[in-house]
Structure formats: structure tokens, C-alpha cells
Amino acid sequence: MHSTALAKYKSELIQGIQAGISIAIGYFPVAIAFGLLAERTGLSIAETVMMSAIVFAGAAQYMSLSLIAAHVGAWEIIMTTFIVNIRHFLMSASLNEKVEKDSIWIKALYGFGVTDETYAVAAVRQEMVTAPYMFGLCLMAYSSWVINSGIGYIVGENLPAFLQESMGIALYALFIGLLVPSLKKHRKIIVLALLSAVINSVLLTTGRLSIGWSIALSSLFSSVVVECIFRKLEVQQDE
Amino acid sequence: MNSQIFWLIIGMGVVTYIPRMLPFVIFSQLHLPPFWQNVLKNVPYATLGALIVPSVFFIHEDFLFGAVGAFTAFIAAYFGANVFFVVMCSIAVLSFYSFFF
């Protein structure tokens with residue numbers, strides 16, 4: 001009994017690691033660019049790597065660099081970081097609906113690894129999401145982010161431009177690769193993704209919202225609206 | 001290390017971790033009504049839509065750059081390629097594109 005549980009744990013961990021490879025590749029150019037920018041902002045390499053290791057959030061880290069460069073106060077930078085990253089609340093709440101029962105401590109531990117990308121991969125997984133799967137997935141994303149931030153700091157400028165440019169598509173290709181198989185299955189998912197994409201585009205081009213808020217609000221709004229519509233349709237079909 | 005930067009990083013880390021961790025703790029004890037559970041199950045697909053559009057078109061000054069990459073990924077994914085292959089395909093096509101155009 002014990003050995004089968006261990007075997008399951010191991011296979012889940014490996015599946016998580018495999019699923020994390022695409023994220024690790026996608027983080028490469030983003031982390032390299034962050035390291036390079038941190039060096040230009042005047043951070044030391046230790047500070048750069050420490051920020052990636054402790055904060056582990058791309059958009060907020062970029063923003064903090066421009067604020068540090070502009071000599072903005074620490075509290076203001078911390079508040080901005082909070083505001084940018086509060087969207088993860090929605091993602092963790094959503095992910096919590098499909099994770100296996102576990103102790104709060106274990107969930108709180110892998111909660112550290114929730115980013116836009118790890119969330120997207122875990123949330124569209126066919127099977128239930130287990131703790132070892134999350135550990136493997138987040139470990140891949142995390143190591144790529146931290147290590148490549150350091151590499152970017154040291155060698156950022158010497159990477160060939162065409163490689164940097166073309167790798168910038170990786171995270172978007174990852175998102176598309178995650179979304180398309182589900183689009184083919186349910187009409188509801190097409191409506192969800194399209195509606196949210198349209199609202200996000202409108203919010204970003206007309207409003208004054210940061211991208212973090214814009215993504216969170218358009219996702220939540222579309223999810224609620226689509227749930228109401230499809231519930232009505234189901235009721236009508238039942239009658 | 002500059003101690004001001006040190007505490008700044010710690011502060012940023014704390015405020016980033018809290019919203020990531022809190023839902024796992026709160027909603028393990030407190031159960032949401034079914035309607036909101038369903039809404040949360042919709043969120044992944046809506047989030048993916050918003051993560052892709054419109055940002056993918058702005059990764060380069062040349063709007064076509066993102067469009068070509070996204071189109072490649074869509075075709076690869078549509079014909080059943082796994083995610084890793086989808087990512088590699090669009091990187092390869094865009095390397096080709098930026099090398100020649």
C-alpha cells in the first residue's frame with residue numbers, strides 16, 4: 001500500500017515537472033530581460049536574484065524597477081505590488097476548486113507558486129490537481145525564473161536579438177496551446193474566452209486600469225455573465 | 001546588500017504571497033455556494049482569453065509579429081499538438097520571420 005502511494009506521488013511529481021517545461025522556456029526571455037533591466041537600474045546581482053526568489057511575480061518586479069529608478073518610496077512600491085498581484089486571489093480561489101484535499105499547510109506552501117502561467121496550466125488539467133503535481137510544476141517555473149534572472153543580469157546584453165524577440169511569443173503560445181483543446185470541446189468555453197478577451201481589450205485601451213486589474217475584472221465578469229446565461233439555457237432545455 | 005532594498009523586497013514578497021495563499025486557506029473551511037463554485041470553474045478559460053488578447057499583439061512594434069506567432073500556435077494546437085510542441089513551433093516560425101523580414 002505504502003509503495004503504491006509513493007509511486008503515485010512520484011508519477012504526479014514527474015507529470016508536474018513535464019507540464020512545467022513549457023513555462024520554464026517561456027520565462028527564459030522574460031527573466032533575462034528582468035535581470036538586464038535590474039542591472040541597469042543599479043541593483044546588485046544578489047538583490048536581483050533575491051527579488052525573483054522572494055517575490056516571484058514578473059509584472060510587479062518590472063514595475064518595481066521603474067519605481068526604484070524614479071526614487072519612489074518603499075511603501076508606495078509595496079502597495080503597487082499588492083495591487084498588481086491581487087489578481088492571484090481569483091486564480092487561487094479558482095484553482096482551489098479543483099485541487100485534491102490536503103492539509104492547509106501543504107496548500108499554503110504550493111500557493112506560493114501560483115502565477116498566471118502555473119495557474120493556467122494547472123487549471124485546465126484534465127485530472128484533479130494534486131500537491132506533488134503542483135510542486136513539480138511550480139518548481140520548474142520557479143527555478144527558471146530565479147536562475148534566468150541571474151543569467152540575464154550577467155549576460156543579458158550578449159544574447160542574439162532575434163532569439164530574444166522570437167522567444168517573447170513563448171508564454172502566449174503556451175496560453176493558446178492550453179486554451180484551444182478546450183475550445184474545441186465546449187461552446188461555453190469559446191464564449192468565455194472571447195467575451196473576456198474583448199472586455200480586456202476595451203478596458204486596456206480606454207480605461208486607466210493596470211493590466212493586472214483589467215485581466216482579473218474581465219475574467220470575473222465574463223465568468224459570472226456566462227454562468228448566468230448558460231444556466232438559463234439549461235433551465236429552458238429542461239422544461 | 002542595501003538594507004532599504006532588502007526590506008523592500010521582503011515587503012513585496014509578503015504582499016504578493018498573501019493573495020496567492022489566502023483562498024486555499026479560507027475556502028478549505030468555508031464552502032462557497034454552487035453558483036460561485038461554477039463561476040470559479042469558468043475563470044480559467046476567461047483568464048486565458050484575457051491573458052492572450054490584446055497583449056500578444058503588442059510584443060513587438062510590428063503588430064504582425066505577434067499575430068503570426070499566435071496564428072502558428074493556434075494551428076498547431078488545433079491539430080492536436082501538445083503544449084510544448086505548440087510553444088516550439090511558434091518560436092521557430094518567429095525566428096524564421098524575424099530573420100528574414
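What you see is a predicted model.

Let me begin with chain A. Chain A contains 12 helices and zero strands, and its pattern along the sequence is α-α-α-α-α-α-α-α-α-α-α-α. Its radius of gyration is 20 Å, close to the 18 Å that the globule rule gives for 239 residues, so chain A is as compact as a globular protein of that length. The C-alpha trace of chain A spans about 65 × 55 × 40 Å along its principal axes.

Chain A is divided into domain 1, residues 2-169, and domain 2, residues 186-239. The centres of these two domains of chain A, taken over C-alpha atoms, are separated by 26 Å. How many residues of domain 1 of chain A are in contact with domain 2 of chain A? Five residues of domain 1 are in contact with seven residues of domain 2. On the domain 1 side, the elements giving two or more residues are α4 (74-85) and α5 (87-95) of chain A. By class, that side of domain 1 has three nonpolar residues, one polar residue and one charged residue.

I turn now to chain B. Its secondary structure comes to four helices and zero strands, in the order α-α-α-α along the sequence. A compact globule of 101 residues would have a radius of gyration near 13 Å, whereas chain B has 20 Å. Along the principal axes, the C-alpha trace of chain B spans about 55 × 50 × 20 Å. Chain B is divided into domain 1, residues 1-31, and domain 2, residues 34-101. Between the centres of domain 1 and domain 2 of chain B, again over C-alpha atoms, there are 29 Å.

Next comes the interface between the chains. In total, 62 residues of chain B are in contact with 77 residues of chain A. Which elements of chain B give two or more residues to the side that touches chain A? They are α1 (3-29), α2, α3 and α4 of chain B. The largest share, 21 residues, comes from α1(B). The side of chain B that touches chain A divides by class into 43 nonpolar, 17 polar and two charged residues.

Two helix pairs across this interface may be described in detail. Two packed helices are described by the angle between their axes and the distance between the axes.

From α10(A), the contact is made by A:Ala170, A:Ala173, A:Leu174, A:Ile176, A:Gly177 and A:Leu178. From α4(B), the contributors are B:Val83, B:Val86, B:Val87, B:Ser90 and B:Ile91. This contact of α10(A) with α4(B) has nine nonpolar, two polar and no charged residues.

The other pair is helix α11 (residues 187-206) of chain A with α2(B). Here the helices pack at an angle of about 45 degrees, with their axes 7 Å apart. That angle makes α11(A) oblique to α2(B). The crossing of α11(A) past α2(B) is right-handed. On the α11(A) side we find A:Ile189, A:Leu192, A:Ala193, A:Leu194, A:Ser196, A:Ala197 and A:Asn200. They meet B:Asn42, B:Tyr45, B:Ala46, B:Leu48, B:Gly49, B:Ala50 and B:Ile52 in α2(B). The residues of this contact of α11(A) with α2(B) divide into 10 nonpolar, four polar and no charged.

I close with the backbone. Most residues other than glycine have a negative phi, and most peptide bonds are trans. Which residue of chain A has a positive phi although it is not a glycine? That residue is A:Phe56, with a phi of about 50 degrees. A:Phe56 lies in the loop between α2 (45-54) and α3 (58-69) of chain A. In chain B, a cis peptide bond joins B:Val53 and B:Pro54, with omega about 5 degrees. B:Pro54 is located in the loop between α2 (34-52) and α3 (63-78) of chain B.

Thank you for your attention.

Note on methods. Residues numbered from 1 in each chain as written. Chains lettered and ligands numbered in written order. Predicted model: local features only at pLDDT ≥ 70, side-chain atom pairs only at ≥ 80, totals over all residues. Domains from an automatic or database assignment. Contact = placed C-beta atoms within 7 Å. Nonpolar A, V, L, I, M, F, W, Y, C, P; charged D, E, K, R; others polar. Rg over C-alpha atoms; globule rule 2.2 N^0.38 Å. Axes fitted to C-alpha atoms, helices over the stretch in contact; angles between N-to-C directions. Parallel < 35°, antiparallel > 145°, perpendicular 65-115°, else oblique. Left-handed = near helix turned anticlockwise from the far one by under 90°.
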